[in-house]
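Please open the structure in your viewer and follow the stops below in order.

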Amino acid sequence: MNTLIEKIDSAKHVVVISHVNPDADSIGSSSAMYTYLLQKHKKASWYCKTKDLSNNFSFIPWFDKIKDSFPVSADLAISLDCGDAKRLGLELECDLINIDHHASNKNYGTINLVDSNAISTSVVLYDFFKANDVKINAKMATAIYAGLLDDSNALMSDDVDGTIFAIVRDLIDSGAEHKVCSKYIVKSMSLAALRLKGKMFTDMSLEYDAQVSVFCVSKDDMKSTGARGEDCEEALEESVYLPHVEVALLLKENSNGSIKGSLRSNGKVDAAKIASQLNGGGHKSRAGFSIDAGVSLSDAKEKLLSLIKKEI
Ligand SMILES: [Mn+2]
């Protein structure tokens with residue numbers, strides 16, 4: 001039998017872990033794994049360090065089971081979509097199954113199921129279920145589809161091919177609530193997010209013959225609009241649709257003064273390569289990094305532009 005399944009079968013209390021500040025892929029793949037554990041009559045918990053989760057994910061099955069405290073009796077953890085051990089949000093004492101699709105994943109688990117060619121972690125899990133004859137029920141299908149829809153930029157990213165549409169067909173046949181996923185993942189936005197997006201595009205600068213779009217978002221910008229951290233992403237992603245733009249850079253000041261950096265690329269430049277120079281990581285088309293408190297947004301911008309210049 002598969003070693004991963006053996007590991008789950010021999011555990012007494014399994015905890016599914018979604019990464020800090022989770023996206024729909026981490027929540028969706030965790031939800032599908034949690035359902036699988038319940039099917040196996042396992043004692044299961046679901047942990048995520050972030051307390052204030054977006055209500056947009058509340059349609060994902062078992063969302064109300066997520067807790068921000070890690071159960072002491074757990075003897076096995078399963079992380080979903082955590083590209084780096086830091087994203088687990090805690091130091092683990094029990095064994096870990098690491099399921100992910102980030103190319104930068106360093107196989108930090110006791111068992112690792114990492115496929116950097118997969119479009120989402122939820123698809124890594126889908127392939128695992130299929131390979132092991134696990135029946136995908138409607139709850140699992142909705143959760144897997146939610147992750148796939150988000151990480152594929154609503155099925156529009158360059159790595160979407162016929163295989164992905166075949167998976168989508170199979171998930172819908174299995175009962176995936178695709179319209180609900182579209183409504184909450186693609187077609188919903190808060191007024192605060194729209195106001196932030198307007199501000200971001202007003203303040204955006206274009207560098208190197210408009211090949212690089214740069215957004216600097218200060219603490220005050222976040223406060224005055226009331227937007228959430230993830231609300232910065234849409235403007236960043238859409239700026240790559242502008243003519244000439246190859247790379248988009250976002251520098252967002254956190255409340256503690258550190259800076260969260262995000263990069264998007266249309267494929268010519270390797271975003272993960274740039275992020276890795278600041279100990280970050282990710283994929284060729286999307287990557288992230290962070291800069292400790294003490295560096296101003298304008299200094300960070302200058303530093304990043306010099307790194308990007310070498311790649312363009
Ligand atoms: Mn993902």
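This is a predicted model: local features need pLDDT of at least 70, side-chain atom pairs count only at pLDDT 80 or more; totals for chains, interfaces and linings use all residues.

In what order do its strands lie? The order is β3-β2-β1-β4-β5-β6, and these six strands form an open sheet with parallel pairing. At the edges are β3 (66-67) and β6 (111-114), each of which pairs on one side only.

Zoom in on strand β5, residues 95-100, and on β6 beside it; the two run parallel and are joined by four bridges. Select Ile 99 here, and Leu 113 of β6 will be found opposite.

The next selection is a set of side chains. Show Val 16, Ile 17, Met 33, Ile 78, Ile 144 and Tyr 145: within the largest nonpolar core, which has 53 residues, these touch the most other members. Which helix gives this core its largest share? Helix α4, residues 138-151, does so, with eight residues. A separate core of 30 residues lies apart from this one; select Val 247, Leu 249, Leu 251 and Val 269, which are among its members.

Return to Val 16 and display its surroundings. Beyond its neighbours within four places in sequence, Val 16 is in contact with Ser 30, Met 33, Tyr 34, Ala 44, Trp 46, Ile 78 and Leu 80.

Then select helix α5, residues 162-173. Its twelve residues reach 16 Å from the first C-alpha to the last, close to the 16 Å expected at 1.5 Å a residue. After α5 comes Gly 175, with a positive phi near 105°.

Finally, zoom out to view the whole protein. Its secondary structure comprises eleven helices and twelve strands, and its C-alpha trace spans about 55 × 40 × 35 Å along the principal axes. How does the radius of gyration compare with that of a compact globule? For 312 residues such a globule would have a value near 20 Å, so the 19 Å of the protein agrees with it. Of the 312 residues, 43% count as buried.

How values were computed
Residues are numbered from 1 along each chain as its sequence is written. The radius of gyration is taken over C-alpha atoms; the globule rule is 2.2 Å times the number of residues to the power 0.38. A residue is buried if 20 or more other C-beta atoms lie within 10 Å of its own, exposed if 12 or fewer, and partly exposed in between; C-beta atoms are placed from the backbone. A nonpolar core is a set of buried Ala, Val, Leu, Ile, Met, Phe, Trp, Tyr and Cys residues joined through C-beta atoms within 7 Å. Two residues are in contact if their C-beta atoms, placed from the backbone, lie within 7 Å. Two strands pair if DSSP finds at least two bridges between them. The expected span of a helix is 1.5 Å times one less than its number of residues.
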